[in-house]
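User: I have a new model open here. Can you walk me through it?

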Amino acid sequence: MREESNDGLPEAVQRTQFQALDRVMAMASFDLDGVLCHANRNYLQLLGLPQDQALGRSHQSFCTAAQVHSGAHAALWSQLRAGQAHSGVVERVRSDGSSCWLEATYTPVCDAQGQLTQILKVATDVTQRHLQEQAHQQHLERLSLVADASDAAVIISDSQSRIVYVNGGFSRMFGWTQEEVLGQAPIALLAPQMQETFTEQYRSELRGGKPVWSEEIVVGKQGQRYWAKVTSNPVINDQGVWSCTVSVLTDITRSKMHEALQHRVLEAMAREQPLSEVLDMVCLEVERIAPEVTASILEVDAQGLLHPLASPSLPSSYSALLDGVAIGPEVGSCGTAAWRNAPVLVTDIATDPLWRDYKHLILPLGYQACWSTPICGTAGKPIGTFAFYYRDATAGVASAYHQQLVDACTHLCALALEREHTRARIRQLAFYDGLTGLPNRSLLQANADQAMAAAARNDEQLAVLFIDLDRFKQVNDSMGHPAGDELLRVVAARLQKVLGPGDIAGRLSGDEFVAVLPQCDAERVTNTIERLQEQLAEPLVLADNALAISASIGIAMFPADGRDMETLLHRADMAMYQAKSSGRGRFSFFSSEMNRLAQERLALENALRKALQGGELRLHYQPQVDLASGQLYGVEALARWTHPQLGEISPARFIPLAEECGLIADLGRWAVGEACRQLAAWRTQGLAVPAVSVNLSPSSFHNLDLPRMIADTLDRHALAPKDLTLELTESILLDTNPSTMKTIEEVHAHGVRLSMDDFGTGYSSLSYLRRLPVSELKLDRSFVADLENDEAARALSSAILGIGQSLRLTVVAEGVETPVQNIMLREQGYPVAQGFLFARPLAPQDLERWLVARMAPAQASADQPVHGEESA
Ligand SMILES: Nc1nc2c(ncn2[C@@H]2O[C@@H]3COP(=O)(O)O[C@H]4[C@@H](O)[C@H](n5cnc6c(=O)[nH]c(N)nc65)O[C@@H]4COP(=O)(O)O[C@H]3[C@H]2O)c(=O)[nH]1
């Protein structure tokens, strides 16, 4: 190796320096082709080559294949040949193939003429250090990999609480990149709601070298919230100074929600709080954790109908509207979620077709979106729905945080609902008869006790019915027990069909049933029993046999026959035996007087039914007289019944009976038909009867067919609609049946006149006169009776006439008995009157005589009475 003296030092000094370098450094020189020309001992040692094998080798042979192939080697040599030095750590290959790392400087060397002649290389072996650094680097990379792969968010902040590092978990959890958060204070960033005092306390702990643990609600870049477990460890440096803090945040939202909800819900369940309270609490807790939602829980029953269970923050009027709605493919979010058995998210209620039929209920409450998830029972079928309503559809609807809430809640709701179902099932087993589903003896007793206490408080009667099936043993023995069971089930169902909402039914044992009817007198009992016998008599086919069912029924009344259930049951049982002994399908009251009355009433009812079918009913006609001219204005048809044994029965008795036993519509139809027939017959005889009035009770107007029936009848007898007047009573206004008004309007539209009977005795509001299309008022006879002696009656009759006239209605005075009444009414201006003064209700032939007598000019005056019914 040639020595150069280009730095101006004396050659001896230079030599000494070189010798020193030669001792400690590896040195070599290459010609411009890269051939090794000289290598000192250190260099040869480093490469593991003896001098004779080393010299003459190319520089490239000491390089790695990668350096050669990548062109790095060629680039280095181009640089050197261009006269540029190169320094750096380089990897070189030893003779045994292993790698060594050199801290090397390649220096191009020129001769005295400035001509580049060789490349001088000075190097130190840094293999050891390099390997250590490499290992360290790898270690760091692995650490960073671990930190980034972790789900936990890691933050390193300096002693000023400024973020210097965040891992990948942090970015995934909160949405910020490292660059976005560097230099920020972690607490201000993630938990801005925290008080300053918390931050102070936190820093003071860390400064003291203590780790800090806490559980906080933290917020991410998009406002998403987590419940996080935060562990912060201070790092204290060699000088004992707090240099930085490593904080690890773990998402514990799910477990925390479970914990918060579960704890409260399970505690409430353990305290036996009612289901609605438990579920209300779930909703309120959810709304506390996530104030942007309104929670609602609905039940889905076995028939697929929705029932509100809890929605404490929604108006109860809204929930009530959902009660009984059937689930289906387009029934809002909840009905659809239950139908699909999958969550349903509707982000725009106003336009989504699923809400088409329901949006008008919820939009006015300010909600835009609704997300509903089915609550599934152990069988996997939906037993309820859990929904979030959102006022603002843009703010994190159905976010991961909400999903976690839903997961926690649906689980708890399922638990609470199933527990309720189990309890209901236990109650069912303990208190209900397994075969028929009716209350068993214990529940019957409890319910009856309550009903009796109420009856005693309100001074009301109550009936206990002991019902025993006839020939049940025969069915059981001949057709087998399954048929017997089926028969009992059918009887239970038919019994329930007959009873009203406040009535109580139960099965005692075998074929013995009991019914308790609160607020019930003997008449209602008889009606109920008749309906029950009718129901039981409906045809029934069991095991291919047609059966006729009947029951013997005994009745005991509270308080007359006993004041406790035991006594009443015992007496009803005794009465039942009495009924059974008199034949099948009978009933008997425990009290003989009541029994007599009830049996009489039943007999009368059956007789009326027969009378109606067998033509025992007749119509009598009472004339209505035009007071100015004395001419006949019309006749009122009044029903008459002569019983073969009991004789004449007053309409005041048989009309209400016909109402109660459902015969009134038939009676009305018959009366209209008969009155029209008679009017037509008179006209054929040449008798001028201008019109006939027929009384119809309110329930006749329930029949939508009535207008057609009336039109047909008029046609059949070639009568005009104005020939018929229908008399209604003011009680029609209490009738809530939707058909009533429609039927009245139609009859009126056909041209049949309507008359308001007994006017002045009923309702004080006269506004109905505007609603009802009547053309006639009938002044009640009580006013007429008092006319002579009572100033007020006179004033009222005059006022009623005034009302009639101002509404252009004909006013007919009823019950005119004396000439003085007649004169007074005439003076007041009454146009028409009716009463015993003119004639009692007359049989048709008597009316004919009356008319003939009246028409004969020489005969009696208009005020001359004719005694019809007495003379008939
Ligand atoms: N004290 C007295 N009474 C007089 C006088 N003039 C007539 N009357 C009686 O007053 C009643 C008038 O009939 P109403 O007010 O429609 O009252 C009727 C009517 O509401 C009802 N009714 C009668 N026939 C029928 C019918 O075919 N169908 C329906 N639904 N109800 C009927 O039975 C009620 C009673 O009918 P009746 O016993 O026939 O009683 C008749 C008649 O006999 C009088 O000057 N003095």
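Analyst: Start with a term. A nonpolar core is a set of buried Ala, Val, Leu, Ile, Met, Phe, Trp, Tyr and Cys residues joined through C-beta atoms within 7 Å. Buried means that 20 or more other C-beta atoms lie within 10 Å of the residue's own; exposed means 12 or fewer, and partly exposed is in between, with C-beta atoms placed from the backbone. This is a predicted model: local features need pLDDT of at least 70, side-chain atom pairs count only at pLDDT 80 or more, and totals for chains, interfaces and linings use all residues. Residues are numbered from 1 along each chain as its sequence is written.

User: Which residues have the most contacts inside the largest nonpolar core?

Analyst: A637, A675, V694, L779 and A833, in a core of 63 residues. Another core, of 51 residues, lies apart from it and includes L279 and V406.

User: What is A675 in contact with?

Analyst: L619, A637, V692 and V694, leaving aside neighbours within four places in sequence. Contact means C-beta atoms, placed from the backbone, within 7 Å.

User: Switching to the ligand. How many residues surround it?

Analyst: 21, and the closest are A639, P651, N695, G835 and F836. The cut-off is a C-beta atom, placed from the backbone, within 6 Å of the molecule.

User: Which element gives the largest share of that shell?

Analyst: Helix α23, with three residues. β24 (632-643), α23 (651-660) and β28 (753-759) each give two or more. Helices (H or I, at least four residues) and strands (E, at least two) are DSSP runs, numbered from the N terminus.

User: And α30, which of its residues are buried?

Analyst: Q821, N822, M824 and L825, in a helix spanning 819-828. They fall within an arc of 165° seen down the axis, so they line one face of α30. The arc is that of the directions from the helix axis to the C-beta atoms. V820 and E827 are exposed on the other side.

User: What does the buried face pack against?

Analyst: The buried residues of α30 pack against α28 (781-786), β30 (810-813) and β31 (832-833). G829 follows α30 and has a positive phi, near 105°.

User: Where is confidence lowest?

Analyst: In helix α32 (868-871), at a mean pLDDT of 42; strand β26 (692-695) is highest, at 98. pLDDT is the predictor's confidence in each residue, from 0 to 100. The chain mean is 90, and 96% of residues reach 70 or more. Over residues 858-868 pLDDT stays under 50. Where pLDDT is low, the predicted coordinates should not be read in detail.

Technical notes
Contact = placed C-beta atoms within 7 Å.
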